[in-house]
Amino acid sequence: MAHRLQMRLLTWDIKDTLIKLRRPVGEEYASKARAHGLVVEATALEQAFGQAYRVHSHNFPNYGQSCGLTSRQWWVDLILNTFHLAGVPDAQAVIPIADQLYKDFSRPSTWQVLEGAETTLKGCRKRGLRLAVISNFDQRLEDVLVGLGLWEHFDFVLTSEAAGCPKPDPRIFHKALQIACVEPAVSAHVGDSYLCDYQGARAVGMQSFLLAGPEPLDSSIRDSVPKEHILPSLSHLLPALDLLEASSPMS
């Protein structure tokens, strides 16, 4: 006899899924630079950050753990590279700015909770789901979530720094399932990245939902993700879970 599927665990991405920066990176960096007497255009810093981040992440993946770096040193080096690309070659002038930025990004005042996040998390808890985090974040995430009042919603928080590997590596998803003692078939993941979140979770047998946000999805992604797995906003999650459980009987 077939029984209705009942999800037991729901794991979450964090950045741009439940929280986001209050200001763009370029503005945040430019503001801190001004406070230290250094004037750099926010647009230049925004562009430089994107370029520096891609190179740094490729050369020193997952905060440089395999290269012996701490996540703090990884970020300080990235900030130095960002300012250098934006036309500030004097690293000594940037070091105090980098130190301040590293501290500021662990403070809740730099972040904001996305609309519908708390209501959705409470709704998930109400229906008996266990909640956890799987995030490509560093050790500062606990301070951020505690400060924003979100920490209490989760059974556990697993960062890529703690796991030793980032999404979409299957090991970080397997680690979360192991911590929760839950099978992938009764687990689902929510995130805004097609590669890291949606595909990463499905590769280990979990269900997954892709948070689309306000911007239109790339057509290739939209065509490869079933409509019922795409969330235009967080408020669409609970109805999507109802549909998933009703349409996926377990024998």
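The legends below describe close-up views of a predicted model.

Residues are numbered from 1 along each chain as its sequence is written. Local features need pLDDT of at least 70 and side-chain atom pairs count only at pLDDT 80 or more, while totals for chains, interfaces and linings use all residues; side-chain values use heavy atoms, with hydrogens and water left out.

**View 1. The largest nonpolar core.** This core has 73 residues. A nonpolar core is a set of buried Ala, Val, Leu, Ile, Met, Phe, Trp, Tyr and Cys residues joined through side-chain atoms within 4.5 Å. Buried means under 20% relative accessible area, exposed over 50%, and partly exposed in between (1.4 Å probe, protein chains only). The residues with the most contacts inside the core are Leu10, Trp12, Leu18, Tyr29, Phe83, Phe209 and Leu237. Helix α4 (residues 71-85) supplies the largest share of this core, 7 residues. Helices (H or I, at least four residues) and strands (E, at least two) are DSSP runs, numbered from the N terminus. A second, separate core has 5 residues, including Leu210, Ile221, Val225 and Ile230.

**View 2. Surroundings of Tyr29.** With neighbours within four places in sequence left aside, Tyr29 is in contact (heavy atoms within 4.5 Å) with Leu45, Phe49, Ile79, Thr82, Phe83, Leu101 and Phe105.

**View 3. Ser71 in helix α4.** Ser71 counts as buried, at 2% relative accessibility. Its side chain makes a polar contact with the side chain of Glu161 (3.0 Å). A polar contact is a pair of N or O atoms within 3.5 Å; within protein, one must be able to donate a hydrogen and the other to accept it, and residues adjacent in sequence count only if both atoms are side-chain atoms. Beyond its neighbours within four places in sequence, Ser71 is in contact with Tyr63, Tyr102, Asp138, Gln139 and Glu161.

**View 4. The salt bridge between Asp13 and Lys167.** A salt bridge is a side-chain nitrogen of Lys or Arg within 4 Å of a carboxyl oxygen of Asp or Glu; the count by this rule is 14. In this pair the closest N and O atoms are 2.9 Å apart. Asp13 lies in the loop between β1 (9-12) and β2 (19-21) and Lys167 in the loop between α8 (160-163) and α9 (170-180), so the pair ties together parts that are 154 residues apart in sequence. Both residues are buried.

**View 5. A network of salt bridges.** Arg23, Glu28, Lys32, Asp104 and Arg107 are linked in this network. Between Arg107 and Asp104, the closest N and O atoms are 2.5 Å apart. Arg107 is partly exposed at 38% relative accessibility, whereas Asp104 is buried at 7%.
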